[in-house]
Amino acid sequence: MSKINYDLTKIKAVVFDVDGVLSPSTVPMSVDGIPERMANLKDGYAMVQAVKGGLHLAIISGADDPRVEARFRLIGMTDIFLKCKAKLPILRKWMEDNGLQPEEVAYAGDDIPDLPPMAAVGLSVAPRDAAIEVKEAATFVSSADGGYGVGRELLEEILKAKGLWLKDTHAFGW
């Protein structure tokens with residue numbers, strides 16, 4: 001029984017914002033003003049397993065940092081959209097290009113720019129420390145703060161519902 005009140009077997013794709021979801025919303029800044037984002041390794045493991053399990057993963061973020069793209073490409077993601085001022089048009093085009101219906105997509109976001117894409121998908125997810133408006137709009141509020149396991153919690157629940165979590169010996173490696 002999932003803690004997420006949604007038929008997770010419908011989910012074919014998961015889209016993540018980065019800052020405040022896959023990395024904490026408070027991060028150190030380099031001397032040139034670039035955020036020094038952190039990455040949660042358990043989120044990364046779950047993303048690798050999700051890609052191996054056939055889930056389509058994407059990043060839609062306002063971030064403008066080639067290190068963000070490099071991190072998620074290492075995990076096996078191919079659809080990484082950075083420097084996004086408006087996320088909804090990118091999400092809609094990506095869904096159309098991949099033949100995805102709203103009920104087949106989950107979106108995880110933490111702040112006001114994430115509200116339009118959250119409303120356009122079947123399953124909307126917010127970290128525990130998301131903006132109040134985002135938590136109110138979310139189908140599911142994670143037990144984790146942004147950067148501390150939101151991706152892992154969501155993907156593990158989806159993969160378990162689909163019978164793909166720890167399904168074979170390949171799950172015990174990267």
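Does Leu-8 count as buried or exposed, and at what relative accessibility?

View 1. Leu-8 counts as buried because its relative accessibility is 2% (buried means under 20% relative accessible area, exposed over 50%, and partly exposed in between, with a 1.4 Å probe and protein chains only). The model is predicted: local features need pLDDT of at least 70, side-chain atom pairs count only at pLDDT 80 or more, and totals for chains, interfaces and linings use all residues. Residues are numbered from 1 along each chain as its sequence is written, and side-chain values use heavy atoms, with hydrogens and water left out. Leu-8 is found in the segment before strand S1 (13–16); helices (H or I, at least four residues) and strands (E, at least two) are DSSP runs, numbered from the N terminus. Leaving aside neighbours within four places in sequence, Leu-8 is in contact with Ser-2, Leu-123, Glu-157, Ile-158, Ala-161 and Lys-162 (contact means heavy atoms within 4.5 Å). Leu-8 and Lys-162 are 154 residues apart in sequence, yet 7.4 Å separates them in space, C-alpha to C-alpha.

**View 2. Helix H1 against helix H6.** The axes of H1 (residues 41–52) and H6 (residues 150–161) come within 7 Å and cross at roughly 30°, which means that H1 is roughly parallel to H6. Axes are lines fitted to C-alpha atoms, for helices over the stretch in contact, and angles run from 0 to 180 degrees between N-to-C directions. Angles under 35 degrees count as roughly parallel, over 145 as roughly antiparallel, 65 to 115 as roughly perpendicular and the rest as oblique. H1 contributes Lys-42, Asp-43, Tyr-45, Ala-46, Met-47, Gln-49 and Ala-50 to the contact, and H6 contributes Val-150, Gly-151, Arg-152, Leu-155 and Leu-159.

**View 3. The aromatic pair of Tyr-45 and Trp-165.** One aromatic pair is found in a search of the whole structure. The ring centres of Tyr-45 and Trp-165 lie 6.1 Å apart and the planes stand at 85°, so the pair is edge-to-face. Rings of Phe, Tyr and Trp (its six-membered ring) pair if their centres lie within 6.5 Å; planes under 30 degrees apart count as stacked, over 60 as edge-to-face and the rest as tilted. Because Tyr-45 lies in H1 and Trp-165 in the segment after H6, the pair ties together parts that are 120 residues apart in sequence. Tyr-45 and Trp-165 are both buried.

**View 4. Helix H1 against helix H2.** H1 and H2 (residues 66–75) pack at an angle of about 50°, with axes 9 Å apart; H1 is therefore oblique to H2. Leu-41, Gly-44, Met-47, Val-48 and Val-51 in H1 meet Arg-71, Phe-72 and Ile-75 in H2.
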